[in-house]
Amino acid sequence: GTLKDKVAIVTGAASGIGRAVAQAYAREGAKVVVSDISVGGGEETVKMIKDAGGEAFFIAADTSKAEDNEQLVELTVEQYGGLHIACNNAGIGGPSAPTGEYTIEGWDKVIAINLSGVFYGCRYQIPALLQAGGGVIVNMASILGQVGFANSAAYVAAKHGVVGLTKNIALEYAGGGIRANAVGPAFINTLLLKDMDSDTIDWLVAKHPIGRLGEASEVAELVLWLSSEKASFVNGAYYAVDGGYLAQ
Ligand code: NAD
């Protein structure tokens, strides 16, 4: 496998894209720390990986808490002896409202998880990656890290922030052997879309030139490539996986 003997953390790995990334990493030979606030889903991901012959371990962490991120890295190094790859993927959708009516609590929660959570993750992963002689960070942004989407101010602002944060890390740590890139999926069939009715889904599908939503596994393939040595010259970039959404 392309990730043989690598140790990887995936946050938000109890479901959706994070689960698919964890599975792809394990399939390529990595030892995967599956992390999430959801214990049941996280342990299910570990079981799926082990049933497929891979290696994984669950560590509960709320990415919006700095200390949880610190502990996650500590426990990872304790469990597997180091850290080489981190996919900061945990995220929520948040409330839907125009900016002038957006709840303060909703804003604070989305920023805490989708932006501060990614910063906290990188903040504690970077020293461990340097310790290992270098490594890879893949941060989960969105098409909404490049363009706006009405009624989603907090999500759009957080995802744009993730893209900027990722560029900074790339500049600061290229010399230390760390590559950092951001991935931007369009709308993907996961639990994140669970509250949408079928009319809304049809309306979303129509925004994708390819004529359908994406699958978590299609995002995972891009994350996997960016995390591997095959992407050795790719740094500080934003990669869309969006069925043509941003091409319009
Ligand atoms: P999902 O809801 O299936 O999975 C998200 C996971 O994150 C869940 O397991 C959840 O428990 C976990 N999580 C939420 N808050 C957390 C916290 N504070 N700490 C730790 N874990 C937490 O959704 P998904 O679609 O797989 O989303 C994964 C990422 O992909 C998110 O960052 C999301 O913004 C991004 N994304 C999703 C889409 C989409 O259409 N589904 C599109 C673009 C980007």
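This is a predicted model: local features need pLDDT of at least 70, side-chain atom pairs count only at pLDDT 80 or more; totals for chains, interfaces and linings use all residues.
Numbering starts from 1 along each chain as its sequence is written. Local features need pLDDT of at least 70, side-chain atom pairs count only at pLDDT 80 or more, and totals for chains, interfaces and linings use all residues.

**View 1. The overall fold.** The protein has seven helices and seven strands (DSSP runs: H or I of at least four residues for helices, E of at least two for strands, numbered from the N terminus). Their order along the sequence is β-α-β-α-β-α-β-α-β-α-β-α-α-β. The C-alpha atoms fill a box of roughly 45 × 35 × 35 Å along the principal axes.

**View 2. The shell around the ligand.** Of the 29 residues around the ligand, Gly12, Gly16, Ala90, Gly91 and Thr190 come nearest (near: C-beta atom, placed from the backbone, within 6 Å). Helices α1 (16–27) and α4 (104–131) each supply at least two shell residues. α1 gives the most, with three.

**View 3. Helix α4 against helix α5.** α4 and α5 (residues 153–173) pack at about 15 degrees, with their axes 9 Å apart (axes are lines fitted to C-alpha atoms over the stretch in contact; angles run from 0 to 180 degrees between N-to-C directions). That makes α4 roughly parallel to α5 (angles under 35 degrees).

**View 4. Residues between α4 and α5.** On α4, the contacting residues include Trp107, Val110 and Phe119. On α5, Tyr155, Lys159 and Leu165 are among them (contact: C-beta atoms, placed from the backbone, within 7 Å).

Conventions: Angles under 35 degrees count as roughly parallel, over 145 as roughly antiparallel, 65 to 115 as roughly perpendicular and the rest as oblique. Two residues are in contact if their C-beta atoms, placed from the backbone, lie within 7 Å.
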